[in-house]
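Welcome! Please take a moment to look over the sequence and the model, and then let us walk through them together.

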There are 4 protein chains.
Amino acid sequence: MAGSKFAYVRKFELPDPLLPDTFMVFRLDGHSFHRFSDKHNFDKPNDLRALQLMDHAARDVMEEYSDIVLGFGESDEFRVSFHATDWVLYRCFAIDRSSETAAIIHLYSDVITFLLRKSTELYNRRQAKIVSTLTSLFTSSYVFNWPRYFPDNPLQYPPSFDGRIILYPGEQQIRDYFSWRQADTHINNLYNTVFWALVQQGGETTTQAHATLRGTVSKEKHEILFSRFQVNYNQVDERYRKGSVLVRDEIAEPVESAVIPTSEAADDAVSEPSPMKGKKAKPKREAKSKTRIVVLHCDIIKNDFWDARPGILNG
Amino acid sequence: MAGSKFAYVRKFELPDPLLPDTFMVFRLDGHSFHRFSDKHNFDKPNDLRALQLMDHAARDVMEEYSDIVLGFGESDEFRVSFHATDWVLYRCFAIDRSSETAAIIHLYSDVITFLLRKSTELYNRRQAKIVSTLTSLFTSSYVFNWPRYFPDNPLQYPPSFDGRIILYPGEQQIRDYFSWRQADTHINNLYNTVFWALVQQGGETTTQAHATLRGTVSKEKHEILFSRFQVNYNQVDERYRKGSVLVRDEIAEPVESAVIPTSEAADDAVSEPSPMKGKKAKPKREAKSKTRIVVLHCDIIKNDFWDARPGILNG
Amino acid sequence: MAGSKFAYVRKFELPDPLLPDTFMVFRLDGHSFHRFSDKHNFDKPNDLRALQLMDHAARDVMEEYSDIVLGFGESDEFRVSFHATDWVLYRCFAIDRSSETAAIIHLYSDVITFLLRKSTELYNRRQAKIVSTLTSLFTSSYVFNWPRYFPDNPLQYPPSFDGRIILYPGEQQIRDYFSWRQADTHINNLYNTVFWALVQQGGETTTQAHATLRGTVSKEKHEILFSRFQVNYNQVDERYRKGSVLVRDEIAEPVESAVIPTSEAADDAVSEPSPMKGKKAKPKREAKSKTRIVVLHCDIIKNDFWDARPGILNG
Amino acid sequence: MAGSKFAYVRKFELPDPLLPDTFMVFRLDGHSFHRFSDKHNFDKPNDLRALQLMDHAARDVMEEYSDIVLGFGESDEFRVSFHATDWVLYRCFAIDRSSETAAIIHLYSDVITFLLRKSTELYNRRQAKIVSTLTSLFTSSYVFNWPRYFPDNPLQYPPSFDGRIILYPGEQQIRDYFSWRQADTHINNLYNTVFWALVQQGGETTTQAHATLRGTVSKEKHEILFSRFQVNYNQVDERYRKGSVLVRDEIAEPVESAVIPTSEAADDAVSEPSPMKGKKAKPKREAKSKTRIVVLHCDIIKNDFWDARPGILNG
């Protein structure tokens, strides 16, 4: 073969297997979504269409890869940018940076975490293969399905995401990982909800709104919302307060549509058949033909969720 | 902070830096592109639109990441399944392994390799970050630009790619890596060109065509093409014979359009301004405002290409 | 600083942390111990002095590193070379691969496994640091203590060992790892005991002895031992049948010597104070002043051993 | 096989190959050698016997592993320990830590670096195997040969070392690595030589000596040495100023002893035949029977050393 004298370069392709029988958490993060959400005029504090699109892409990934047993999409961290010599974007909820000129605040809807069953042998647990393939499929579905959620708002440029795998040896760590993300979602969304109420309804500048919130604890934020804007935070849509929880639920055989667990999820779950059902994937799907992926907006910090779904951690 | 007792889970995020000052080859590969090309009726042996779309996505990635100094897109390997001892199976999907005859042959147009300068500090050389981000942007651009190249052929479902990084310590290995890929391109395309001529113009079945070609060397394939179909293989479009070579060429200051190096490349290079030129990327682009990415279809095995562009290996 | 322009070379020292909260199994293996045991005339089938020296070195390592919660030393695998299809070759060095008969058989006494508690932060879990330091200390103690066990048999040349770390996420895997090693010890030692009885007492050649044993199951080996040599294998010293199990047992405060669990272990455990107790290590030792390392030769496959020592897996 | 149901635990043994065709620098470092040198009354500022023992062990390692093309042993960094609430040992030559009570200064003679040829396939370039085996053999030889260099000073306890591999893609980095270490050796030894002259001959306390040296540059240290103690630093034994350089030099066939390059090296090189020449290693040694390892104390920062030995970097 003409190329054979060059083929030695293949020996530089080193193996990168991940430790067997260990949970894989795969976390995807939007790349420069601050700019992306600006350019596409995402609603604040949360953009429902953008969240639904994230859920859709996540569901597509879970349809294709049956070893993903759980997905969690967040109304991400807010990021406060300050007017300073160099603009710095904080990825944190430490509110007081001593600056007086916080300018912008966002919930980006750009983080999604997948949990792969610990026994998965997907791609022989090769790290780069898994990271790149899942990131690619999510991205592809995001762009592919954009027009469906933003029919009047064409995509300006191709968005991108980055992904990473984190290994966890034990169940408690998995519980704590998802608790960490959902607690974050709560903190961010509460701050954000009050902040934008102050700006959009209260007429404060963003600088004033940050000043108003500086140092307030959770209870005080609830009170501001309620006393000034008649909003009971606990009645805010759970989607925003809890994030999106994607699980593979068993469905009763004859009536597929009967199993949608909540009215919210129903809307999400009634998607047309995934176009990705190709030859290769089919046998898998037939083997588990009695499950479907549903999108919930429920608590995943307490035990109830997990007790009801022992298969997530026992797989 | 509410989430702080869970935050320990972050310590499981281990560092994955790649060796400094070492060339990074990043290779992207279409996922299940056999099915994808079937579903979208790609022309055989090569689909020009699909190749141009690959080039476009590759150029978008290079626009965004200035540390990529070279791209190479291939009319991929052919994949044939045979029942024979002396035939090489290329990553085959073996439609019918028990048959005596090859069943299917394709050029997929789904492999692209990028070379990052060895001194790159992109994302601090974090492996998963680089692999996932580049894969994601390429995928995103591919889907985003699909309608431009296939206006009457809507995308059926979201395609995906996988990527991997291979490190090479030396220049010779980089030369040999790209030689290996281009030699492959040549071998595959020659076989494929004759094969489809036999089928489409010669009226052979695919089984017959494989039988005709079995054991033939390069010279004999040229002769079949010429004597039976009056095709001089050396006059087949270089795009198919050489693949696509994307480089960053300096351009003369005042007349941007004057620098297109070849008439072939001209067509590819005259794209509208990339929509990705955002705030963040701008400074980079200004710094190198006198380069643009061009698509060539030239030899990269011999020295000429490299001698004319010392910056590729010296960066 | 004179050296500062060269100091950039440090950036090539990449981090190599091991996954947190995961069991580390550290296995040491003698390098070329076939030759080593020959040169030093080790007794066959087992050399008591060599085994005791291994135990001593293992204990020195455990004295120094309190995060090692278990050690297991084996009368290693036997290694036989056969010319047969149904015989398993254990890591063999194949003295005569073309012969029909095995040429040499040994128990090498050269493998030791340490278990580190899963929460250990030893050297920040840096892989090369742990592997090299533990290997080095074991080797050092082995050479240092050689004259004590082989007073009339001076060391001919410096022996060496290699080590590796294997991570296990779960308790069951740890149980199975040690079961695997002890089951191996049993199989090897039984074969070996019969083999050398046939040779040393039965007057067979090694070739004949292998032929005698070929195809025999465990029960048949027991019978040969008993009927021909009046040896009840179950009464063979447990050290040889079970290997050495090193654990950290709590000791009653006032009478240190009273706690030796078995008469066998007593002999091993009554060593003079370790000379390694240096300033740095002292605080650690004081904190756990009520434990000492004992050498047992007990079953570690069944539950009893583990049930009695929950700290090994819960650490 | 009885153990077969447990054998799955082997699948957790993951591959750890190092990048091909890349230089491996293997650096060994004494573990707690501050205490070790104290306990064994090493001479200050340098202990000749300890240095020769290091060289001997290094040579044993190079005898056994022909892919090691260079060794460099240092009169290590000095480490200053201060009287402070917590004693801190600095591994640096930053003299002024604002403390007035520096107490101890040492040259430890405990660091050795080996360079493996970039093409080496030793143990298939498996990282843990190489790191552990080389560390072990060095340690073993150090303990084994101790009595030869310290006949009246028995080893008090087993010393240990740790090792790590650093990969370098290019020749210049290798040059710079060794320049960095030798520049360090120079700086440390100069400081140390003056310091101990002030203490041992000048009657200063260690605190006074540090005060005297604080802020002095190289030239001033030379002057103190010369004016107060009539010592021309440039005439101090090169061993201390340059460290030990171990290379494999070709030797003239008939008269082996004629090739010793310097009188210093001669003494080092005339060792009895290595006891490690075993069956397995022999063929290798015969193939390169015309080389021997010599210990030099020469400059390795300038080009001369490397120009004379092109094989070190070209292997």
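How many salt bridges does the rule find across the interface of chain A and chain B? Keep in mind as we go that this is a predicted model. The answer is six salt bridges across that interface. One you can look up is formed by A:Arg27 with B:Glu13, where the closest N and O atoms are 3.1 Å apart.

Which parts of chain A face its partner? The elements that give two or more residues to the side touching chain B are α3 (127-149), β6 (161-168) and α4 (171-201) of chain A. Of these, α3(A) provides the largest share, with 13 residues.

Now let us step back to the interface as a whole. In terms of contacts, 62 residues of chain A meet 62 residues of chain B. Between them, the two chains bury about 5100 Å², and 64% of that area is on carbon and sulfur atoms. On the chain A side, the residues that lose the most area to chain B are A:Phe6, A:Pro158 and A:Trp180, which together make up 12% of what that side buries.

How are the two chains arranged relative to each other? Chain A is superposed on chain B by a rotation of 180 degrees, with 0.0 Å of shift along the axis and an RMSD of 0.1 Å. The two copies are therefore related as by a two-fold rotation axis. Both copies use the same surface, for 97% of the contact residues of chain A recur in chain B.

Finally, let us visit a single residue in another chain. C:His40 sits in the loop between α1 (33-39) and α2 (48-64) of chain C. Is C:His40 buried or exposed? C:His40 counts as buried because its relative accessible area is 0%, and buried means under 20%. Beyond its neighbours within four places in sequence, C:His40 is in contact with C:Trp146, C:Asn153, C:Pro154, C:Leu155, C:Gln156 and C:Tyr157. A polar atom of the C:His40 side chain also lies 2.8 Å from the backbone oxygen of C:Phe36. As for C:Gln172, it is 132 residues from C:His40 in sequence and 39 Å away in space, C-alpha to C-alpha.

Notes
Residues numbered from 1 in each chain as written. Chains lettered and ligands numbered in written order. Predicted model: local features only at pLDDT ≥ 70, side-chain atom pairs only at ≥ 80, totals over all residues. Heavy atoms only, no water. Least-squares fit on C-alpha atoms with pLDDT ≥ 70 in both. Contact = heavy atoms within 4.5 Å. Buried area = accessible area lost by both parts, 1.4 Å probe. Salt bridge = Lys/Arg side-chain N within 4 Å of Asp/Glu carboxyl O. Helix = DSSP H or I, 4+ residues; strand = E, 2+ residues; numbered from the N terminus. Buried < 20%, exposed > 50% of the residue type's maximum accessible area, 1.4 Å probe, protein only. Polar contact = N/O pair within 3.5 Å; in protein donor to acceptor, adjacent residues only side chain to side chain.
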